[in-house]
Every structure is written in structure tokens, then in C-alpha cells.
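Subject: Structure handover

Hi,

Here is the structure for your files. My notes on what turned up follow below it.

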Amino acid sequence: MDDPASSDLLVTTLSLTYGGIEDLLDALHTMPEFIRPQVRTALEERARTAAAHGRTAHAAWLGHLLAVARRAQCDDPPHADGTGGEGGHEDGGHGPRTPHGGAAPKAPPAFASLLVRTAQLPGLLDQFLVFRRHRDALPAEPVAEARRILEDRPGIEMAEYASVLAALAMAAGGALHTVRARTWWAFSLMERAARAERLGFGGTRASSRDRRHALLHATRAVAALPPKAPTDEPDPAFQAYHALARAHRGLNDYRAGLAVLLEGERELFPRGVPDDDEGRRRWMHHAWTVADELSGLGYHTEAVRRFDSALQVCQVLSGGAPVSSLVELLTQRGKTLLHADRPAAATADLERAAAAADRLGMTIPACRARGLAASALTMRGREREALRLLEENLAAARRGGDQLLHGHRCALAAQLRTVGELAAAEEQYLLALREMHAQPAGSRNEIACLFGLGSSPTTSATTSGPWSGAGAAWRPGAATAASRRPPGTSRWPCDGCWTATRPSRRPNGCSPCCARCCATPTTTAPRPPARRSPVRSSAAFSGSAGTARRSIWGAA
């Protein structure tokens, strides 16, 4: 074994022969004495090469194996807390060793404190090594117990939540725990990619790589399911199928995701709705997810049928009492009925959802349901009733302390234009723009506001372009009212008019709150007749798009 090539080949053989991390670490500890120096040299060279080529995770793993090999030869003793001298890595579950090769006995820590402390570690590997070293502290069902503990602790992100569950399942060992480990790690990767996309890094190579790796692990999790797992152990099978469907959706392959869900339904629910409450809860969420996918792909009739089934089970589980799941299901079914050109049925569902949300004190879901109900009423030709709902939305958002009032103002202004109240619509647009500019981050509603304001007849009749008057009207920094008005006209309101609520306008366009901007009225062209804008979704401008379900089968 003096040949470096032979020792390098031995390292490769060790990595390929031993299928689990535990077996590989045991092989390093039981390796003959005369082989260890060459293996250490090969590991060190490989770690240096991996670091030079930017493979950080590979280099860290090789460095950990090198530290284990050195401790096995007793020339790099571990620290008192069980970590080695090579960068503080865990010893892979073996801990400080006695002269006879056995692990020194330690009192097992409490599982809850161990879990919370380990969840703060930065990577999956470090978390796994800690759990493996304290395997005697793990309960009989570690993943279920960990979920119960972590759900009671606010502040943990979904990506970190899924990562620590994956590390725990991997340390527990066993066929079903292997499925759980791959499933939860796939969820962690998808959540990490979704977080990067929310921050504006959606098109980066790292985000795409995370989604591809999530699909790989989710596929292997489904493939690793034992034959009787969907009926004997439905919970890990349910999570595995939904993780795979979500991974397909994350890569924009929606039809493949729907096919996975339908295949999982055949495996998980061969006899339809289960008899126990836990099985009914799984069926409800599964039917809910399938209905969302069918609706997104345009199969609205089948989606409504699935929503009906989910709602029936939800009412059985809740005993007829209003719950958050009922609010969301009614809202989603109402939106699907809107797409299916059934506005009357959609109105009934959405008004029922808004009433249930109000009883539960859920301001944002109630506003979302009322906004969609306003769209349904507009489709039925009842614009004034839709306007009343949107005014109620704005008042409810104010009472609830909603910081995104501009979204409700945009929806209200669009409806005011629809019913022909152009002056009031213009004022709501201007107020919304001022509120947006007062916030540190921009809003996509600004585009809709400027478009609606620029295409308003009261604006386009007095400006040289559809955007110039609107931009000058709302942008702060103008000291006087005249600087906010287009040249040669006094149509834009003065400072006192900004806060007026739907004022009655004078012929020159100002409200009667003061006479400063109305002192020198100018002759302007007569206003053209009110134009009917096309029917649009009033909830499209809402700044509060609804509460996403914090669950593993949520949106991609």
C-alpha cells in the first residue's frame, strides 16, 4: 500500500462499497493500522482538490472523513464536547473512544432541547451528525415528535424546519425513515428556491439547481416506498407523493404534477374517503390540491367536483363550525366558479366565505373573498352592489390596520370607473399612488394605478400625454398646487383636496374644500361621456392576496 494510486483507489472503493454513512465511518475506525497513513494522505489531497475547484460541500465531507481517520489513529484527539480538531466536525456518532474501542458513556440530553439546538446549525450534514451522536436520546417516533415540538415554536423558517426533520429521519434509520428523509429534504430545497425567488433571485443557477435536486430526491422517495406503505403507513407516502407533485410544479411541469397526484390517489385512497379523522384530513387536503391543479389547467367542472368533495369532508371534520380551511375552500371554489362562467354560484360561495372569515376575525381572507364577490356581481351586471362591497373592503382594511390600503383603493377606483364616477375614481388612484410612494418598497399596483389614471377621460382631456399629468399629480416634492397641475388648467386638486373623500367636483375639476386652486377657473374642453371599462377581477389589485397555507403541499 505504499503506492499513492493504490490508496486513492481504496478511498474510492470505500465510498462506493458502503451504502450508508454509518458503515463508511465504521470502516474507517476498523481499518488496519498499516493502511491508515495512505488513506489519510489520499483524503487530504482529495479535500484540497475539491476546495480548489469550488466544491465546498464535497471538501467539507472529505475533511470530516479525514478528521475521523485521524481520531481513529489517536493522533488528533477530539475536544471535550465530542467535536474534532479539524474544523469542529462531529465524530460521526462514535464520540470519544475508550482504549477498548467503545464509545465513552454519556447521559442523553433531552430530545426537545437537542432538537431546538440542532435546528440552529447551518447545514444538513452537521445536523445529521449531531442526531447520530445522540441517537440514544431519540424517541420511538422521532419525526412525529419533532413536528409537534417545532410547530409550537414560532420563528423557524419552513426551509430550516424541513431540513432538521430530514436530518433527524436520516439519523433514525430504516426504510420509512429513508423515505421521510428524502421527502423533507426535497421540501427544504423547494422552500429555499421559493425564498430566493421571492427575494428576486428566481432565475439564478442556485435556485434552478435546488429545484432539480428536489425533484431527484422526491422521485427517489416515492421509489423507495415499501409496497404496503400507502395503506399501512399512509402519512410518509402521502408526503412523498405531494412532494413529487410540487417538485414538478416548481419546474413548470403542471401536467406531470397532476399525474403524480392522481397516481397517489389510487395508491393512498383505493376505497375513497377514509373512516378515521386523520384519513379524512388527508383526503381533504389531497382533493383540495388536485382541485387547484385542475382549475389551473382549465378543467373547471372537474375542479368544482373535487372542491365539493373537500368541502363535505371539511364540514364533517369541523362539525359545521366556521374554520380557516372552510374559508379558503369556499374562496377557491368561488374563484373556480367564476372561471367556469357561473357568477351566481360564485357569489354565494364568496359571500359565505367572507361572512365566515369575519366571524373568525380573519381580515385579509375576508377582504379577498369580498373582492372576488365584487367581480362576480360585476359579471352579473350589478355594479353598484359590487361598489358597495369594495367600499366595505376599504373600511374593513382601515379598521384592521392593513398597511396595504393602496391595493383596496386600486380595486375601488377601477370599479368607480366602471360605474362612471370618474372624478371619484381619479381621486382614489391619486391617494393610492401617494400611499405607495410613502412605503420603502415599491408595489406592482403602481402600474395599474398609473394606467387607470392615465386612461381616465378627465385626465387625458387636459394633458399632452396619458402619463405626464398623472406623474406630476402624485409625485411629492411639488411645493404648490400649481406645480401639480398641467400647464394652462386648474383641474388638479389643491393640498386640501388630497384627503377629501369622494368630493362633489366643481366644473373646473376641484373639490369645494377650499378656493385657492379654484380662484382662476380656466375654460377647458367639455368632458367626454363616461366610458365603460371592461369587467375585471376586483381582487387583482388587492395588496393582500390571501393567506397561503403553511403546509408541505402548498404552492411551488
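The accessible surface of the protein is about 26,200 Å². Carbon and sulfur atoms hold 55% of that surface. Areas come from the Shrake-Rupley method with a 1.4 Å probe, and for residues only the protein chains shown count as cover.

Some ground rules. This is a predicted model, in which local features need pLDDT of at least 70, side-chain atom pairs count only at pLDDT 80 or more, and totals for chains, interfaces and linings use all residues. Residues are numbered from 1 along each chain as its sequence is written, and side-chain values use heavy atoms, with hydrogens and water left out.

Overall fold. The protein has 24 helices and 0 strands. Both are DSSP runs, numbered from the N terminus: H or I of at least four residues for helices, E of at least two for strands. Of the 556 residues, 49% are buried. Buried is under 20% relative accessible area, exposed is over 50%, and partly exposed lies in between (1.4 Å probe, protein chains only). Take the contacts (heavy atoms within 4.5 Å) with a separation of 6 or more: 60% of them join residues 24 or more positions apart.

Cores. A nonpolar core here is a set of buried Ala, Val, Leu, Ile, Met, Phe, Trp, Tyr and Cys residues joined through side-chain atoms within 4.5 Å. The largest one has 74 residues. Leu115, Phe131, Trp184 and Leu329 have the most contacts inside it. Helix H8 (residues 158–172) gives the most to this core, with 10 residues. Leu115 touches Phe131, Ala146, Ile149, Leu150 and Val164, leaving aside residues up to four places away in sequence. A second, separate core has 22 residues, including Leu372, Leu377, Ala411 and Leu412.

Cysteines. A search of the whole structure for disulfides (cysteine sulfur atoms within 2.5 Å) finds 0. Cys314 is buried, at 2% relative accessible area. Cys410 is buried too, at 1%.

Backbone. Most residues other than glycine have a negative phi. Two residues to check against that:

- Asn252 is not a glycine, yet has a positive phi of about 65°. It sits in the loop between helix H12 (234–250) and helix H13 (254–268). Asn252 is exposed, at 58% relative accessibility.
- Asp341 is not a glycine either, and has a positive phi of about 60°. Its loop runs between helix H16 (324–339) and helix H17 (343–360). Asp341 is exposed, with a relative accessible area of 59%.

Best wishes
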